[in-house]
Amino acid sequence: AGFILRKAVYVVKENEAIVIERLGKFKKVMTPGINFIFPLFDNPRTFLWRSTRVDINGKITDDTSNGFVIDLRESVFNFLPQEVFSKDTVYIDVCVVMYYKIVDVQAAVYEVDDLLSSLTSTATSAVKEVFSNLTFTQALESQRQICEHLTEEFRRAFKGWGIHVERVELLDLQPTANTKEAMRNQMIAEKRRRCDFIRSEGQKTALRLKAEGNKLVKLNRGIAEQEATRKISEGEAAARIDLARAESAALESLASAVRTDGASNIDYVVSQRYMEFLKAASTASGGKTIVLPYESNGIKGTVDVLPQVYGNIDTAKAKKRRVHL
């Protein structure tokens, strides 16, 4: 009697449920409280389920159980990590968790043969579809939108199985080891390319600045040479003017002296040319012979004129002596 009573009476806790079958056919779902069944005809339906929990070390673990008590509280379903590829063919390791509630116990037990495998397969397909339409960069930047999209997709897909999806979260989203290595090599190559580009741009700028500097130097040098030529021309012109003025002043002084001595300008000029000729003849080399006019009166007349032009010799010596004194 005690055995039959123990099989006939079930106490269901809050937020739990038990499916009862009578002779292999669905009979009812036990609600929280005391429930009675016919032991020989009614039997609870076993249910294979996997529960996810976090241990004291913060590690997520999964426990698979096969019992007849179904938990109706919000639970966590941890999908197995999977490898997907993005739109730009980057392989990514994705780990997704789903927060859910069983709202229809009968549908969860009878609408699908293996609810556990069905949830995993459907979620895997949905995750692959989402990431195949996004690049890796877009996936990293749009994690919130991805979670919202997966939540809506899972709600539509699991509604017929008595599952209500509260939310979906991405626990991990990172490229695979091989992809990380390839990305690291690509990043190094990109940095080297940028370094070479910056170096070449610097060299190009240096050559341009050097060319501009040489051009400016040549321009300034040309301007300086032009200015120097102008200054030289102006100096030479000024020198010629000053020389002409000096010669004019000398001629005026000479003319005044000639007039003072009572000689004519013609006599002075002839005497000057004659003295220059004698000086040149005395310094000439080559043993040349100078032929002078034989008539002595002409020479005598010329010599007689010299004191009138240059003054008396005694007078010149006296002046020279006074100068020395």
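What follows is a short chat about the aromatic rings and the fold of a predicted model.

Colleague: What should I know about the model before I start?
Modeller: This is a predicted model, in which local features need pLDDT of at least 70, side-chain atom pairs count only at pLDDT 80 or more, and totals for chains, interfaces and linings use all residues. Residues are numbered from 1 along each chain as its sequence is written, and side-chain values use heavy atoms, with hydrogens and water left out.

Colleague: How many helices and strands does the chain have?
Modeller: The chain has nine helices and twelve strands, taken as DSSP runs numbered from the N terminus (helices are H or I, at least four residues; strands are E, at least two).

Colleague: And how many aromatic pairs are there?
Modeller: The structure holds eight aromatic pairs, where rings of Phe, Tyr and Trp (its six-membered ring) pair if their centres lie within 6.5 Å, and planes under 30 degrees apart count as stacked, over 60 as edge-to-face and the rest as tilted. One of them joins Y10 and F68 edge-to-face, at 6.2 Å centre to centre with 85° between the planes.

Colleague: Where do those two sit?
Modeller: Y10 lies in strand β1 (residues 9-12) and F68 in the loop between β7 (60-67) and β8 (69-71), so the pair ties together parts that are 58 residues apart in sequence.

Colleague: Is Y10 buried or exposed?
Modeller: Y10 counts as buried because its relative accessibility is 14%, given that buried means under 20% relative accessible area, exposed over 50% and partly exposed in between (1.4 Å probe, protein chains only). F68, at 31%, counts as partly exposed.
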